[in-house]
Amino acid sequence: MKKRTVPLFRVLLLLMIYFLQGVVIGFTTAIPFYLDSRGATWQEQGTFNFVFYPFSLKLAWAPILDAIYITRFGRRKTWLIPLQFSIGITLIILSFSLITLVEQLKIKFLTCIFFFVYFLLASQDTCVDGWALTLLAKYNLQWASTCQTVGQTTGRFIGFTVLMIFESADFTNRYVRQPLELPKQTYGLFTLDQFVRYCGVTFLILALCIASLNKGKKETNPMSLSQTYLSIWKLLNKSCIRQLAFIFLTSPVGFSPTYTMTNLVLKRYGVPKETLGLLGIPLIVVKIVIPLCMTHTDRPLTWYYRSYIPRLLMGIIIAIYVCLTPYLLHQWFFYPVLIGIFLCNESLIYLMIVTRVGFFARISDPSIGGTYITLLNTLGNLGASLMASSVLYLAGWIEPDEAAYPLLVSFAFVLGCFWFTAQYKTMKQLENLPSDEWCLSPTKRESDSYLL
């Protein structure tokens, strides 16, 4: 049956919500660079990395968001609007003391605050993921992956790249104020605290817009809270789910050092943080084009495992080039070659991300949409978070400090090759399983679509 065209309004609304998520993820990802400028160690960076764990733990409370709601207010509005307001208010309050906390290296306090922000953000993500499955049920479900990837990617670009570039006083004075014949200042176009404050206000505005929308068709949830939690246990009793869990929990082992340490190592070798932000500009094209190109694929998991070995090889190439940075940094070709390498690597990263999320959307049972897709997303997020924390703590134990990055990348490459050899056949088998194998019960997968 030919899939109908997705209404533009639904796509834009999903994109906007995911975009704001991406902005928060982006500037949170930038915080380690500000901490590094203040002398934070690898272990302190590892401590701050715990802020990303709520996305790996949200399965614990996802059934509450799926099963408990106010019928009159709407299943998704019940949680989505309060969460939007809570994120906005928290960011506004945080903005008044963020710079002081960073300058004083209050790592544990910063970790607690951002952990709470990510807890709210992960809860919101659960609501939106479940809503997207039902909203797009009569259309192409790959659009759920595309909206999430494109929205969060553009948000991360604003939250990381734009922040790193225009928060820099040196860049702003040289490339903005000087051409416009404006006096030099000791700050950029905006400060870190101002950026976070603007982001908080935008969350509040979007919350008001969502609240003003019509509720649309009434949604009923056939499961109670206890039944929804029990459904997680039933899913984990399926051999296909357990196999998928193992794959996505362990797959980051091959490239975690490259993903976690590369930019921080470049900064320690003398690449300014605003330059690292500029390097993200060419990458934004890849991050948007690839998800759009993958909207019509019928075999997302195949694309996932085909990208694995090339990504391992790119990790070795990146590590070699990064280790040569002290000798090549002032050569004219250093940044063009670095951008080219990053483009290849980023293409593989986003190909794996969008196909993984697309596979999750394809197999998820809409009857517990938010909980089901949260379970699946937890597998990938938890694996990546655990590997990243382990890498950062291991790096702090390796002497000399300069040897940590190449040693960890090399070791991860070997582990990744062994992993792929062991899991290749399993991934092919999971790709070919019929959709009913992934459901709690053989029910009709298509449901009525509605707004909220």
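This is a predicted model: local features need pLDDT of at least 70, side-chain atom pairs count only at pLDDT 80 or more; totals for chains, interfaces and linings use all residues.
Figure 1. Together with Ile320 and Leu324, Tyr327 makes a nonpolar surface patch of about 350 Å².

**Figure 2. Helix α16 and its packing partners.** Helix α16 comprises 16 residues, numbers 308–323. From the first C-alpha to the last, helix α16 reaches 23 Å, close to the 22 Å expected at 1.5 Å a residue. The buried residues of helix α16 are Tyr308, Arg311, Leu312, Met314, Gly315, Ile318, Ala319, Tyr321 and Val322.

Figure 3. Arg356 lies in helix α18 and is buried, yet Arg356 has no salt bridge. The nearest side chain of opposite charge belongs to Asp125, at a distance of 9.1 Å. Since a salt bridge requires a side-chain nitrogen of Lys or Arg within 4 Å of a carboxyl oxygen of Asp or Glu, the view shows Arg356 without such a partner. Neighbours within four places in sequence aside, Arg356 is in contact with Phe248, Tyr304, Gly380 and Asn381.

**Figure 4. The salt bridge between Asp125 and Lys58.** Asp125 forms a salt bridge with Lys58, and the closest N and O atoms are 2.6 Å apart. This pair links distant parts of the chain, 67 residues apart: Asp125 belongs to helix α7 (residues 107–135), whereas Lys58 is in the loop between α3 (54–57) and α4 (62–67). Asp125 is classed as buried because its relative accessible area is 2%. Lys58 likewise counts as buried, at 0% relative accessibility. In general, side chains of opposite charge can pair when their charged atoms come close.

**Figure 5. The salt bridge between Lys267 and Asp36.** Lys267 forms a salt bridge with Asp36, with 3.2 Å between the closest N and O atoms. The two residues are 231 residues apart and connect distant parts of the chain, Lys267 being in helix α13 and Asp36 in helix α1 (residues 8–37). Lys267 counts as buried, at 17% relative accessibility, and Asp36 is also buried, with a relative accessible area of 12%. Leaving aside neighbours within four places in sequence, the contacts of Lys267 are Phe33, Asp36, Ser37, Lys273 and Leu276.

**Figure 6. The salt bridge between Arg174 and Asp170 in helix α9.** Arg174 forms a salt bridge with Asp170, the closest N and O atoms lying 3.6 Å apart. Because Arg174 and Asp170 are four residues apart in helix α9 (residues 169–177), about one helical turn separates them. Arg174 is partly exposed, with a relative accessible area of 44%, and Asp170 counts as partly exposed at 43% relative accessibility. Elsewhere in the model, salt bridges that share partners join Asp36, Lys267, Arg268 and Asp401 into one network. The count for the model comes to seven salt bridges.

**Figure 7. Ile158 in helix α8.** Ile158 is found in helix α8, which covers residues 142–166. With a relative accessibility of 29%, Ile158 counts as partly exposed. Residues up to four places away in sequence not being counted, Ile158 touches Phe19, Val23, Leu163 and Phe195. The C-alpha atom of Ile158 is separated by 8.3 Å from that of Phe27, a residue 131 positions away along the chain.

**Figure 8. The chain as context for the close-up views.** The secondary structure of the chain comes to 20 helices and zero strands. Of its 452 residues, 56% count as buried. Among contacts in the chain with a separation of 6 or more, 86% are accounted for by residues 24 or more positions apart. The accessible surface of the chain comes to about 19400 Å², and 66% of this area belongs to carbon and sulfur atoms.

Note on methods. Residues are numbered from 1 along each chain as its sequence is written. Side-chain values use heavy atoms; hydrogens and water are left out. Buried means under 20% relative accessible area, exposed over 50%, partly exposed in between (1.4 Å probe, protein chains only). Contact means heavy atoms within 4.5 Å. The expected span of a helix is 1.5 Å times one less than its number of residues. Patches are made of residues with over 30% relative accessible area and no salt bridge: like charges are joined within 9 Å, nonpolar side chains (Val, Leu, Ile, Met, Phe, Trp, Tyr) within 5 Å. Accessible areas come from the Shrake-Rupley method with a 1.4 Å probe; for residues, only the protein chains shown count as cover. Lys and Arg count as positive and Asp and Glu as negative; His and the chain ends are not counted.
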